[in-house]
Amino acid sequence: MNGLEQVKSAIAGALETAGIRVRTACAPGWARAYPGPVVAVGLRTGESRGGALSSYLGQRVDPATQVSQEVYGMRLELTLSLDIYCPPKDGTEGCDQVLEALHQIMLNGLPSGLRPTELKWEEVVWDEDTAMFLRRGSLGCSAYFTAASSEDGLLLSDFILKGVVTK
């Protein structure tokens, strides 16, 4: 999974843990299928900071094998879209309630590799395409990734979002 997909997945997971419905990929009219509020998570803008080989972080030793690996870091600066859709029965108040939950999640519920810098939102409007209320939002954040070199030191493993448990 690439860096952007890891970030979107981490944000979606934090929202779902808080009981908010989430979609990360949307086809036209998709929101109509939801009986309650749903948040669409996507990318507005992004920028990579620091190349892998120039972002040397040090070495780590695998406790099981005692093999030493070089560790590298990468940072992405992202602005994600967090667009809140609410059916007519929930009204604009539904969008406001989800926005309040988003604030709490951004403060306390993200992996350590995601550092939110700002959460912006617009006024609630009626979206003709989905027949739902819509509040467009954006989350500015820095995402920090690490990767380790292979045993021979020639190849880097995939970059993994810091603070995310992998199998």
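The legends below describe close-up views of a predicted model. Local features are taken where pLDDT is at least 70 and side-chain atom pairs only at pLDDT 80 or more, while totals for chains, interfaces and linings use all residues. Residues are numbered from 1 along each chain as its sequence is written, and side-chain values use heavy atoms, with hydrogens and water left out.

**View 1. The chain as a whole.** The chain holds two helices and nine strands, where helices (H or I, at least four residues) and strands (E, at least two) are DSSP runs numbered from the N terminus, and their order along the sequence is α-β-β-β-β-α-β-β-β-β-β. Of its 167 residues, 41% are buried, a term for under 20% relative accessible area, with a 1.4 Å probe and protein chains only. The accessible surface, computed by the Shrake-Rupley method with a 1.4 Å probe, comes to about 9,300 Å², and 51% of this surface belongs to carbon and sulfur atoms.

**View 2. The largest nonpolar core.** A nonpolar core is a set of buried Ala, Val, Leu, Ile, Met, Phe, Trp, Tyr and Cys residues joined through side-chain atoms within 4.5 Å, and the largest one here has 34 residues, with Val 7, Ile 11, Leu 15, Leu 82, Leu 102 and Leu 114 making the most contacts inside it. At least two residues of this core come from each of helix H1 (3-17), strand E2 (38-49), strand E4 (68-86), helix H2 (91-108), strand E5 (114-121) and strand E8 (137-148), and E4 gives the most, seven residues.

**View 3. The surroundings of Leu 15.** Once neighbours within four places in sequence are set aside, Leu 15 is in contact (heavy atoms within 4.5 Å) with Ile 20, Val 22, Val 39, Val 41, Leu 102 and Ile 105. A second, separate core of eight residues includes Ala 31, Tyr 34, Ala 40 and Leu 134.

View 4. Strand E3 (residues 56-61) runs antiparallel to E4 and is joined to it by five bridges, two strands being counted as paired if DSSP finds at least two bridges between them. Gln 59 has Glu 70 in E4 as its bridge partner. Six residues lie between the two strands of this hairpin, and Gln 66 in the turn has a positive phi of about 60°.

**View 5. Other partners of E4.** E4 and E8 run antiparallel and are joined by eleven bridges, with Met 74 standing opposite Phe 145 in E8. E4 also pairs with strand E7 (residues 132-135) in the antiparallel sense over three bridges, and there Ile 84 has Arg 135 in E7 as its bridge partner.

Terms used:
Buried < 20%, exposed > 50% of the residue type's maximum accessible area, 1.4 Å probe, protein only.
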